[in-house]
Amino acid sequence: MAMRGRLSNDLLLPVGGAFIVSTLIVALMINLLPWSGVWLQVKPDFVALVVLYWCIHQPRKVGFTVAFSLGLIMDVAEGSVFGQHALAYSVLAYAGLVLHRRVQNFTLKGQVLHVLAILLLNDTIVLAGRMLAGGPFPGFYYFVGSFVGAALWPVIVYLFKMPLRPAIDPDRG
Amino acid sequence: MEYNPPPFFKRGPTPLIRLLLCSLLSIVMLITDVRYRYLDNIRQAVSVAIYPLLRLAAAPRALLDNVGEFFVTQAALRNENAKLTALSLRDAAILRKYEAVAAENAHLRELVAARERFPGSVIFAEVLYAGRDIFSRKIVVDKGEQQGVKAGLPVMDNVGIIGQVTRIYPWIAEITLITDKDQAVPVQNLRNGLRAVIGGTGNAAQLELKYIPLNADFQNGDQLVTSGIDGVYPPGLPVAEVTDVERNAAFMFAHIRCKPVAGVTNYAQVLILDWDSKIPPRPPEEVRTARTKKPRRGG
């Protein structure tokens, strides 16, 4: 049982607002890179992934306001119908906020399954928005990005916690 | 004494309430945008705000290109130089011929008092990024309203038509490719002059001729060029080549698949044709009512 929840019991430095903002901006930039071809199809929605991370790990700092405004930015950047990403990210933030205690009690493997479900829900909402606006069904490979995103979750957890680990005190050994 | 929880516990409305508020707001925006397009101002404002991010995101590729150029070997350069010299010699001959033909053509056109075919200028634009949206085929380029781009202008690469400007922002513009499902281009068969409308299928490498009767004369390998009808696209620019004609009597129309001539998905630079067709407006439809018949009956 000691293994369970070990990750979330790490003693970390407090998270600064600047760190959160910079991760969100980097995620947005990665989303806006000129992706094409196969890469475009397997590319996960990095903004969704990072917003979800912060909703789970810092639910008091990141919530609906951030998710909603990033959704609007994504809508403009992709030229999609206004409100479609905003709606999807709001639901994503809700899932993150409601589940944040539960998810943190799981090992990484369990967390990945939670994240996968939430990302699929996110994609489904975007898809539904598009199809209601008259778009065609793009095929099931549309959901590949969510699986890739969930697979990236451990990497993101590791990366985002790295700068927050306190320096090891050499006197203690 | 009244008991109040400490401020730490005051966290505003519950997540569910917030979710409902956000969803309501986004659904209202969705409907407003789809139905009425009132939100274009907000869209423009946000696009200005994220413009630096877009440029920054496009920077790595430019950097990669530069680094790649730096490491070209001398042998490769010499080789390329020789090839280019040969090519320029050949092109010079072609160019002479072209000049002669163009002069003759202009003369002939003056004779028949035809209008100049392509009077406008060309705006050179670079592709910033292709939308992640798999539903529609769109790209975004680095020229916008400030550089004189207007919505509706046709876009081509060095070979043929690739799309049309559909949305403009102050410094960037969105182009819908001809392979988009909702995009249609009036074309003409180069072999026999047959007019048709070509549309995207949503597939990046395929176009389809729409509403062509089963017995229409289209063959594999036919070249399709813009017809210039409707004044959106200048006439005579290559669009597609017929690759597959399927005539099934069970359907009303022939199923004619084509492949785009221009590199619709592989380019980094595009040309936006800034032109004005100067086509006079369509004459009003003749109103056929009972009133027009009356005098005839009376007389």
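Helices (H or I, at least four residues) and strands (E, at least two) are DSSP runs that are numbered from the N terminus, and counted in this way chain B has 4 helices and 12 strands. The model is a predicted one, in which local features need pLDDT of at least 70 and side-chain atom pairs count only at pLDDT 80 or more, whereas totals for chains, interfaces and linings use all residues. Residues are numbered from 1 along each chain as its sequence is written, while chains are lettered from A and ligands numbered from 1 in the order in which they are written.

We begin with chain B as a whole. A residue is called buried if 20 or more other C-beta atoms, placed from the backbone, lie within 10 Å of its own, exposed if 12 or fewer do, and partly exposed in between; of the 299 residues in chain B, 24% are buried. Two residues are in contact if their C-beta atoms, placed from the backbone, lie within 7 Å, and among the contacts in chain B between residues at least 6 apart in sequence, 58% join residues at least 24 apart.

Contacts also link the two chains, with 35 residues taken from chain B and 36 residues from chain A. On the side of chain B that touches chain A, the elements giving two or more residues are α1 (15-35), α2 (40-70) and β1 (121-130), and α1(B) gives the most, with 11 residues.

Strands are said to pair if DSSP finds at least two bridges between them. Strand β6 of chain B (residues 184-189) pairs with β7(B) in the antiparallel sense over 5 bridges, and β7(B) pairs with β8(B), also antiparallel, over 4 bridges. B:V197 has B:P186 as a bridge partner and B:K210 as its bridge partner in β8(B).

Backbone angles come last. Most residues other than glycine have a negative phi.
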